[in-house]
Each structure stands twice: as structure tokens, then as C-alpha cells.
Amino acid sequence: RKAEEVGSSPQEGPFNRALKHASFGVVMVVDKQVLPFQRIWCLYEVHRARKLNQPFQLIDDFGTLASTQARAQRGQQLQDVFKGLQEVRAHKAQASNERDRLKILHEVLDPMLRSALPRFEAFEHHVQGKPAWPGQFTMFDAELGRLLAQPVLEMAVSLDNSDLVMDCAAMGAAGAAEALRGVLAKGIDVTKH
């Protein structure tokens, strides 16, 4: 029954249908372990939100990461979120249903590989009994890094955390150059990075 709810591909699943009609976008709730970063469905949903031009926010114990509330308590949690972000890789992500995991991995294959294995069944046969290679999902991984680093960047700026601003810039977060200029304009030392 569960497989019937997912559909023949992740794009046909119920979440994707709901996401197309979402009025306020998507949120991802993270804790100290940032478990959603380790789940392929969660990563795929962030990817789909971007493709469908839906707003995306990370939420922690203190609210949205973009919120300036609880700034003092947020420092360590923000470091934990960023550490988890650095580990985000499609091939490492898990799912409770292995076939769902493989369907999503097929969906997010780098384009050249996807063109060589356009049908899910061919991909499934190709990877059967083999671990997924990290290099098969580089574009997806890079996109997720940029998307997930964005809310971290916004909080890092509000905390004047130059190290984290530099880290988010390295991941390609949108607006990182302006954020870095803002940090430099405040006279914050970035040379220790």
C-alpha cells in the first residue's frame, strides 16, 4: 500500500503534488543531529521546492534560522547545522524504503548519467548490490549545499560570525559576496578563517 501512495516516480508522489499548490513554501525542522539532512526524501523535497520556485526555510528550536531571536543560544546549534550541511550527499542519504531511495537517486542523477540510464529499471539493475558512487550526484549535492547554506548564511551574518559566512560563501550560498562585504564593513576580522 505504501508503494502505491508514492507513485511510479518521486515526482508523482503526494508531497510533490501538495508542493505545487503550497501557498507559503516549505520548511525543514532540524535538531542538533540534523537528521533531515540524512534522509533522501527530505533532500529531494528541498530540491523540488527549488524547482517549483517555492520558498524554503530551515526551522530549529528557536524558530526560523533567519530569525534574530535567541541569537546567543543559536551559535552552537548553527555550527551543528552547518556541520551536518557539509555532510549532505545523496548517495549517503537513507530512506525507510530502499526502492523509494533508488527512485529518488535515479531522479537526481547527474544529467550525463541520467541520459545513459533514462529508465529507472536500468538504473536499478545497474546499482543492484553495489554502493552508489558519490560522483553520480555531484550537481544535486552542490545544489543542495547552496540551498541549505542560504538560511545558515543569513543567521551567520546576524551573529557577525565571519567564519560561518566564509564557509557558506564557499558552499555557494546566494548573497554570500554581499554578506561578506557587510561583515568586512563592520570591521570584523576574517583573516583568522
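## Ground rules and overall fold

Because the model is predicted, local features need pLDDT of at least 70 and side-chain atom pairs count only at pLDDT 80 or more, while totals for chains, interfaces and linings use all residues. Residues are numbered from 1 along each chain as its sequence is written, and side-chain values use heavy atoms, with hydrogens and water left out.

The protein chain holds ten helices and three strands. Both kinds of element are DSSP runs numbered from the N terminus: helices are H or I with at least four residues, and strands are E with at least two. Along the sequence, the pattern reads α-α-β-α-β-β-α-α-α-α-α-α-α.

Of the 193 residues in the protein chain, 43% are buried. Here buried means under 20% relative accessible area, exposed means over 50%, and partly exposed lies in between (1.4 Å probe, protein chains only). Among contacts in the protein chain with a separation of 6 or more, 65% link residues 24 or more positions apart; a contact means heavy atoms within 4.5 Å.

## The sheet

Strands of a sheet pair through backbone hydrogen bonds, either parallel or antiparallel. In this model, three strands form an open sheet in the order S1-S2-S3, with mixed pairing. S1 and strand S3 (63-64) stand at the edges with a single partner strand each, so one side of each has no neighbour in the sheet.

Two strands count as paired if DSSP finds at least two bridges between them. Strand S2 (residues 56-60) and S3 pair in the antiparallel sense over two bridges. Ile59 has Thr64 in S3 as its bridge partner.

## Helices H3 and H5

Two packed helices are described by the angle between their axes and the distance between the axes. For H3 and H5, the axes come within 10 Å and cross at roughly 35 degrees. These axes are lines fitted to C-alpha atoms, for helices over the stretch in contact, with angles running from 0 to 180 degrees between N-to-C directions. The crossing of H3 and H5 is left-handed, meaning that the near helix is turned anticlockwise from the far one by less than a right angle. On the H3 side, Ile40, Trp41 and Tyr44 meet Asp100, Arg101, Ile104, Leu105 and Glu107 in H5.

Helix H5 (residues 98-107) is mostly covered, with eight of its ten residues buried.

The ring centres of Trp41 and Tyr44 are 6.2 Å apart and their planes stand at 80 degrees, so the pair is edge-to-face. The rule takes rings of Phe, Tyr and Trp (its six-membered ring) with centres within 6.5 Å; planes under 30 degrees apart count as stacked, over 60 as edge-to-face and the rest as tilted. Both residues lie in helix H3, three residues apart, about one turn of the helix. Trp41 is partly exposed at 23% relative accessibility, whereas Tyr44 is buried at 1%.

His47 is also found in helix H3. With 10% relative accessibility, His47 is buried. Leaving out residues up to four places away in sequence, His47 touches Val108, Phe140, Glu143 and Leu144.

Most residues other than glycine have a negative phi. Val34, not a glycine, has a positive phi of about 40 degrees. Val34 sits in the loop between strand S1 (26-29) and helix H3 (40-51), and is buried with a relative accessible area of 3%. Asp160 likewise has a positive phi, of about 55 degrees. The loop between helix H8 (138-158) and helix H9 (162-170) holds Asp160, which is partly exposed at 30% relative accessibility.

Which residues does Gly84 contact, leaving aside neighbours within four places in sequence? They are Val34 and Phe37. Gly84 belongs to helix H4 (residues 71-86) and is buried, with a relative accessible area of 14%. Gly84 and Pro36 are 48 residues apart in sequence and 9.5 Å apart in space, C-alpha to C-alpha.
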